[in-house]
Amino acid sequence: MKNKSFWRAFFYAFEGIAQTIKQERNFRFHLAATAYVLYFARFYSLSKSAWGVLLCIIGCVLSAELLNTAIEQVVDLIAKGRTPEGKLAKDAAAGAVLVLALVSVLIGISLFWDPSVIGNVIAYHIQHPFLGVLLLLSAIAAYCFVFKWDLFYKEDKGD
């Protein structure tokens, strides 16, 4: 029987999420996309059930990406070099994330495709130029967070 405390388990879970953020570009992409989806969702009059669907699909995509990372790490740990089985396990896990991400895009389209609201969002940011500039700066920050992480985070590998 394990002697881990209830709270220590939370610590390990958060540590796993933090390590995934540091090491996995795709997870950072999904986090950035989540931030924008939640920002723009405030412009829509979503029902409670629509919010529930939105939050569930966000949680599913992020969880799938975490599981994909775990599978890749386990395969790398136990595989003796590149094997067809290891490749299939990694590719299938990545495929599961892709399927879920595509479904999330379809759900997003069904929830957010309303040209009048999209026009209002654009007009809002034109009428409030400071917020428009902040949105633009956040896009630059998101790009750096997703694609240029290594400029900000250097893992000490003991070299």
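Student: Which residues in helix 1 meet helix 2, and which residues in helix 2 do they meet?

Tutor: In this predicted model, Ile 17, Thr 20, Ile 21, Lys 22 and Gln 23 of helix 1 meet Arg 25, Phe 27, Arg 28 and Leu 31 of helix 2. These residues of the contact divide into four nonpolar, two polar and three charged.

Student: What makes helix 1 roughly perpendicular to helix 2?

Tutor: The axes of the two helices come within 6 Å and cross at roughly 100°. Angles from 65 to 115 degrees count as roughly perpendicular. The crossing angle lies in that range, and therefore helix 1 is roughly perpendicular to helix 2.

Student: Why are helix 2 and helix 3 called roughly antiparallel?

Tutor: Their axes come within 10 Å and cross at roughly 170°. An angle over 145 degrees counts as roughly antiparallel, and therefore helix 2 and helix 3 receive that name.

Student: Which residues make the contact of helix 2 and helix 3?

Tutor: Helix 2 contributes Asn 26, Phe 27, His 30, Leu 31, Thr 34, Val 37, Leu 38 and Ala 41. From helix 3 come Trp 51, Leu 54, Leu 55, Ile 58, Val 61, Leu 62, Glu 65 and Leu 66. The residues of this contact divide into 12 nonpolar, three polar and one charged.

Student: How do you know that the span of helix 2 agrees with 1.5 Å a residue?

Tutor: Helix 2 has 17 residues, numbered 25–41, and should span 24 Å at 1.5 Å a residue. Its end C-alpha atoms are 24 Å apart, which agrees.

Student: What is the corresponding result for the 29 residues of helix 4?

Tutor: At 1.5 Å a residue, helix 4 should span 42 Å. The end C-alpha atoms of helix 4 are 41 Å apart, and this agrees.

Student: Is Thr 34 buried or exposed, and how do you know?

Tutor: Thr 34 lies in helix 2 and has a relative accessibility of 15%. Buried means under 20%, so Thr 34 counts as buried. Leaving aside neighbours within four places in sequence, Thr 34 is in contact with Ile 58 and Leu 62.

Student: Which residues are buried in helix 2, and what covers them?

Tutor: Phe 27, Arg 28, His 30, Ala 32, Thr 34 and Ala 41 are buried in helix 2. What covers them includes helix 1, helix 3, helix 4, helix 6 and helix 7.

Student: What is the relative accessible area of His 125, and what does His 125 touch?

Tutor: His 125, in helix 5, has a relative accessible area of 10%. That value is under 20%, so His 125 is buried. Not counting residues up to four places away in sequence, His 125 touches Tyr 39, Phe 40, Phe 43, Leu 131, Gly 132 and Leu 135. Thr 34 and His 125 are 91 residues apart in sequence and 20 Å apart in space, C-alpha to C-alpha.

Student: What is Ala 94 called, with a relative accessible area of 33%?

Tutor: Ala 94 is in helix 4. Buried means under 20% and exposed over 50%, with partly exposed in between; at 33%, Ala 94 is therefore partly exposed.

Student: Which residues of helix 4 are buried, and what do they pack against?

Tutor: The buried residues of helix 4 are Gly 86, Ala 93, Val 97, Ala 101, Gly 108, Leu 111 and Phe 112. They pack against helix 2, helix 3 and helix 5.

Student: What makes the meeting of Lys 90 and Asp 76 a salt bridge?

Tutor: The side chains of Lys 90 and Asp 76 meet at 2.7 Å, N to O. The rule asks for a side-chain nitrogen of Lys or Arg within 4 Å of a carboxyl oxygen of Asp or Glu, so this pair is a salt bridge. The pair links distant parts of the chain, with Lys 90 in helix 4 and Asp 76 in helix 3, 14 residues apart. Lys 90 is partly exposed at 25%, and Asp 76 is partly exposed at 46%.

Student: How many salt bridges does the count come to?

Tutor: The count comes to two. Besides Lys 90 and Asp 76, the side chains of Lys 87 and Asp 91 meet in a salt bridge at 2.5 Å, N to O. Lys 87 and Asp 91 both lie in helix 4, four residues apart, about one turn of the helix.

Student: Why does Lys 87 count as exposed?

Tutor: Lys 87 has 52% relative accessibility, and exposed means over 50%. Lys 87 therefore counts as exposed, whereas Asp 91, at 38%, is partly exposed.

Definitions and conventions:
Residues numbered from 1 in each chain as written. Predicted model: local features only at pLDDT ≥ 70, side-chain atom pairs only at ≥ 80, totals over all residues. Heavy atoms only, no water. Expected span 1.5 Å × (residues − 1). Buried < 20%, exposed > 50% of the residue type's maximum accessible area, 1.4 Å probe, protein only. Contact = heavy atoms within 4.5 Å. Axes fitted to C-alpha atoms, helices over the stretch in contact; angles between N-to-C directions. Parallel < 35°, antiparallel > 145°, perpendicular 65-115°, else oblique. Nonpolar A, V, L, I, M, F, W, Y, C, P; charged D, E, K, R; others polar.
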